[in-house]
Amino acid sequence: MTDTRNAAPFARRFAFGRVLPASFYARDTALVARELLGTVLVNDSSDGRASGMIVETEAYVGEHDGACHAAAGLTNRTAPLYGAPGSAYVYLIYGLHWCLNAVTQPVGVPGAVLLRALEPLEGIDVMLNRRGAARLTPNLTNGPGKLCAAMAIDRNQNSTSLVSGSVRIHRGHVFDDDQVVVTPRIGIRKAADWPLRYFVRDNAWVSRTPAAFPARRYSEL
DNA sequence: TCGAAGATTGTCT
DNA sequence: GACAATCTTCGAG
């Protein structure tokens, strides 16, 4: 059932559990971002199931966070950020790439976790087709736009439930604090030095970290 | 109605 | 490393 023949070594001995409940998301955004590492994103779509372990996230923590879309307040675009914890916030960036966020905090309190990179588990062939790739390399899913393309996520998933929809997040591997690295977020200008990006140490599927970025282990915070 | 900005990526040098 | 692609959103006038 689980197609991990071409996956990375870690994925070949990996099994995942139940869907994360809404209560998982209705907490502090930074904590959710850290704890999403090791969980499994699954999409059952018409061309097949694809799944992957989340290995990189960023927290966008509310209206006081200049880099968070909610800094603009409640608008048509940002409404999902104020919605139910455990729902998806999907938006188009630069007119080209979709980005998937998991909405956090109780209803009415904006916050979200951007999913930046996955380690593929199931549906490798489906993901390769979607990305127009010939073989499995980290380039398949090591960025938020690439992740969405490989997982067939676009505006149709905006505001849908990650608890009961076709796109879901399951419990997976729990990484020790010592295995988690924290750096500033990538590609933003406002609040650019806030340490709210989390990724799995020494994992090949994580996107690149700029050389000048300070990096600390989560266990050292 | 118009203009500018943007949580990125792929290609070219 | 630089740069173009592409389009939605929102604020200003």
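Hi everyone, let's begin with helix α4: its buried residues pack against β1 (40-45), β2 (48-60), β5 (112-122) and α5 (144-151). Contact here means heavy atoms within 4.5 Å, and buried means under 20% relative accessible area, with a 1.4 Å probe and protein chains only. Helices (H or I, at least four residues) and strands (E, at least two) are DSSP runs, numbered from the N terminus.

Please keep in mind that this is a predicted model, where local features need pLDDT of at least 70, side-chain atom pairs count only at pLDDT 80 or more, and totals for chains, interfaces and linings use all residues. Residues are numbered from 1 along each chain as its sequence is written, chains are lettered from A and ligands numbered from 1 in the order in which they are written, and side-chain values use heavy atoms, leaving out hydrogens and water.

So which residues of α4 (124-131) are buried? They are Ile124, Val126, Met127, Leu128 and Arg130. Just after the helix, Gly132 takes a positive phi of about 65°.

Sugar and phosphate make up 67% of the atoms of DNA strand C that come within 4 Å of the protein. At Arg77, a backbone N or O atom lies 3.3 Å from a phosphate oxygen of DNA strand C.

Finally, the largest pocket. Its lining has 34 residues, and Tyr91, Ile93, Tyr94, Gly187 and Ile188 lie nearest its centre. Helix α5 gives the largest share of that lining, five residues.

Terms used
Buried < 20%, exposed > 50% of the residue type's maximum accessible area, 1.4 Å probe, protein only. Near = heavy atom within 4 Å. Polar contact = N/O pair within 3.5 Å; in protein donor to acceptor, adjacent residues only side chain to side chain. 1 Å grid on protein atoms, 1.4 Å probe; cavity = no way out; pocket = protein on both sides within 12 Å on 5 of 7 lines; lining within 4 Å.
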